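Biologist: I'm new to this one, so please take me through it slowly.

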Amino acid sequence: MFENLRKYRYARIFCLLLSAGFLVAGYLFAGVWQILLIFPAALLLWVICKFQPEVCDPSVLFGGYTFLTAVGIWIRCEPHLIVYGFIMALVSWELHLFNRGLAGNPQYTDNLLLEKSHLRSLSIVIILSFLITTVGLSFHLDLPFGIIFVLVLVVGFAVERVYFYLFRENF
Amino acid sequence: MKYKTAFIAIIIYCLIVFALLTRNGGLMVLIVPLLVYLAVGSFFAPTEIRLRANRYVVKKADESGISVLINVTLTNDGKPLENVLIRDAHFPKTELATAMHEQRLAIPERGEAKVAYSFPANRGHFFWDTIRVSASDPFGLVEIQKDIQASGEILIEPEFEKLGHMHLKPKNTLHSAGLVPARRGGSGLNFWTVREYHLGDSLRLLNWKTIARHPRQLYTTEFEHEEIMEIGLILDARLQTESLFDGELLFEHGVRATMSFAELFLREGNRVGLLVFGQDMKPLQPDYGKRQLHRISNALASATPKSNFSLMYLEYIRKRLFSNRALIVVISPLDLKDLQTYKQLRASGHQILLISPDPISFMAQRAPSGAVLDLALRASRIERYAQLKQLLQMGVMVVDWNVHRSLNEAIRTVFSKRTNGGGYV
């Protein structure tokens with residue numbers, strides 16, 4: 001059980017480092033050296049998390065990472081690196097939550113099916129995300145704002161309908 | 001589970017708004033991994049749960065005490081479920097000992113999954129009806145829930161101490177052979193009186209010493225008749241008289257004492273009734289035998305202290321439950337306001353025996369020592385002794401029981417043959 005959990009932990013840390021590396025590289029390519037402050041900030045956060053673990057909720061950290069990513073794209077940093085970093089951060093967040101959900105679960109040893117299905121789904125997410133974002137970033141369409149707005153409304157409505165269908169018990 | 005979906009949704013909408021505000025299409029690319037994540041999750045989401053459950057509940061006793069082991073076997077009759085969270089109802093009072101009542105696992109098609117956990121339980125009536133199963137996709141984004149029928153029940157009867165015979169001398173008895181002296185002549189073992197010989201008396205009972213002193217007269221020895229009695233056990237389950245210290249309730253000792261008395265009185269053939277006096281009144285009509293002991297055991301297993309203000313209401317319940325001939329045995333730590341009720345009970349002709357688990361010695365045993373605490377304990381003891389003295393003056397038989405000592409020892413001191421019943425230690 002502990003061996004499996006350790007593997008998950010290493011995978012999560014690897015993804016986390018990869019995402020931080022992509023983000024820093026993306027910013028540095030755009031000449032924003034201030035991003036290097038992220039390392040002392042991460043160190044400080046690590047120290048805080050040691051003493052107050054409730055502050056370091058993975059969702060909060062992922063939210064912060066998303067903010068940095070959005071700002072990076074807005075200030076025209078290297079989009080490929082930023083987006084790839086974002087994908088790795090998403091994977092790291094998911095692995096962290098999965099790991100936390102299984103910690104202390106005595107049935108875990110008999111549960112390779114759960115682990116396998118999770119890894120399979122995660123691999124699909126990584127591959128599809130890399131493919132679609134790479135293809136998406138290679139297209140440059142200049143559309144008027146009105147059309148973009150309408151398209152966004154359509155996408156938003158579609159997403160909302162899908163949510164309603166899937167999670168109607170929650171609404 | 002659900003918060004993950006909500007969190008992703010919030011991020012998506014924030015990115016859309018940010019992209020619109022900055023008119024930056026590149027930001028929309030960030031939504032793609034999130035949408036893929038949601039899509040993959042919903043693609044692998046289960047559509048139905050077809051599980052059967054079997055529950056086995058076993059009681060296990062070892063050196064550390066009694067614990068309840070629960071095994072639930074789930075059989076999947078439908079499609080494979082990749083991410084299943086099983087939650088079983090557990091009892092808030094109990095501290096889970098091993099494993100968990102909530103487990104995450106995967107169940108293949110026609111496969112089985114076993115969930116096992118245990119918790120310590122000294123006494124109680126535990127029952128389960130269903131087990132809640134939540135199945136979701138591997139990421140836990142889309143979840144469906146179902147309560148699967150998995151009934152189980154177990155009764156952990158309270159422990160009791162086997163008590164020795166108590167030399168009680170009640171004023172009233174029931175006219176059926178037993179072990180309690182009936183205060184009248186008849187068949188028995190203890191000497192009662194010597195009377196003139198009546199035709200039909202057994203010659204074995206002739207009192208030769210008296211005959212020798214009175215020539216031409218015959219005398220017969222008469223023994224004290226022994227009968228059974230009616231006993232009303234009243235367990236004080238009021239929260240305000242309870243003491244909780246270091247996770248241990250004084251009430252538990254009260255329950256043990258009540259069970260011990262019930263076992264003793266019923267073993268000796270008496271008629272015993274029970275009233276658990278708390279917020280929920282649980283009266284049990286007086287009856288005889290092992291079945292009655294089982295009923296009492298059941299009632300005590302699920303008894304819990306709850307708030308009720310005074311023993312005042314006892315007067316109304318007593319009239320319906322116990323006859324005036326009954327000996328009332330009250331197991332209560334004693335509250336200042338209760339003295340009036342004891343007075344009323346005495347006035348209505350009841351004999352009362354108060355078994356009072358001592359809350360002061362219960363607390364003092366584990367409390368850290370100190371000059372102030374010693375003074376406080378001394379003051380409390382004086383107050384308690386004054387109350388008990390008042391009860392003695394009313395004619396209530398009192399046993400002040402230090403719960404760290406054996407109950408048998410406490411009652412033996414009070415009801416030994418030498419003290420002839422009705423004392424106080």
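Biologist: Is Tyr84(A) buried or exposed?
Modeller: Tyr84(A) counts as buried, because its relative accessibility is 15% and buried means under 20% relative accessible area, with exposed over 50% and partly exposed in between (1.4 Å probe, protein chains only). This is a predicted model, in which local features need pLDDT of at least 70 and side-chain atom pairs count only at pLDDT 80 or more, while totals for chains, interfaces and linings use all residues. Residues are numbered from 1 along each chain as its sequence is written, chains are lettered from A and ligands numbered from 1 in the order in which they are written, and side-chain values use heavy atoms, leaving out hydrogens and water.

Biologist: And how many aromatic pairs are there over all chains?
Modeller: The search of the whole structure gives 13 aromatic pairs, where rings of Phe, Tyr and Trp (its six-membered ring) pair if their centres lie within 6.5 Å, and planes under 30 degrees apart count as stacked, over 60 as edge-to-face and the rest as tilted. In one of them, Tyr84(A) and Phe130(A), the centres are 4.8 Å apart and the planes stand at 40 degrees, so this pair is tilted.

Biologist: Where do those two sit in the chain?
Modeller: Tyr84(A) belongs to helix α4 (residues 79-102) of chain A and Phe130(A) to helix α5 (residues 112-138), so the pair links parts of the chain 46 residues apart; helices (H or I, at least four residues) and strands (E, at least two) are DSSP runs, numbered from the N terminus. Phe130(A), at 23% relative accessibility, counts as partly exposed.

Biologist: Which kind of pair do Tyr37(B) and Phe139(B) form?
Modeller: Theirs is stacked, at 4.7 Å from centre to centre with 25 degrees between the planes. Tyr37(B) lies in helix α3 (residues 31-43) of chain B, whereas Phe139(B) is 102 residues away, in the loop between β6 (124-136) and β7 (143-156). Tyr37(B) is buried at 0% relative accessibility, and Phe139(B) is buried at 2%. Ring pairs also join both of these residues into a cluster with Phe62(A), Phe86(A), Trp93(A) and Phe7(B).

Biologist: Switching to the backbone, what is the phi of Arg76(A)?
Modeller: Arg76(A) is not a glycine, yet its phi is positive, at about 65 degrees. Arg76(A) is placed in the loop between α3 (58-74) and α4 of chain A, and is exposed, with a relative accessible area of 66%.

Biologist: And what about Arg110(B)?
Modeller: Arg110(B) has a positive phi near 60 degrees, lies in the loop between β4 (102-107) and β5 (112-120) of chain B, and is exposed at 72% relative accessible area.
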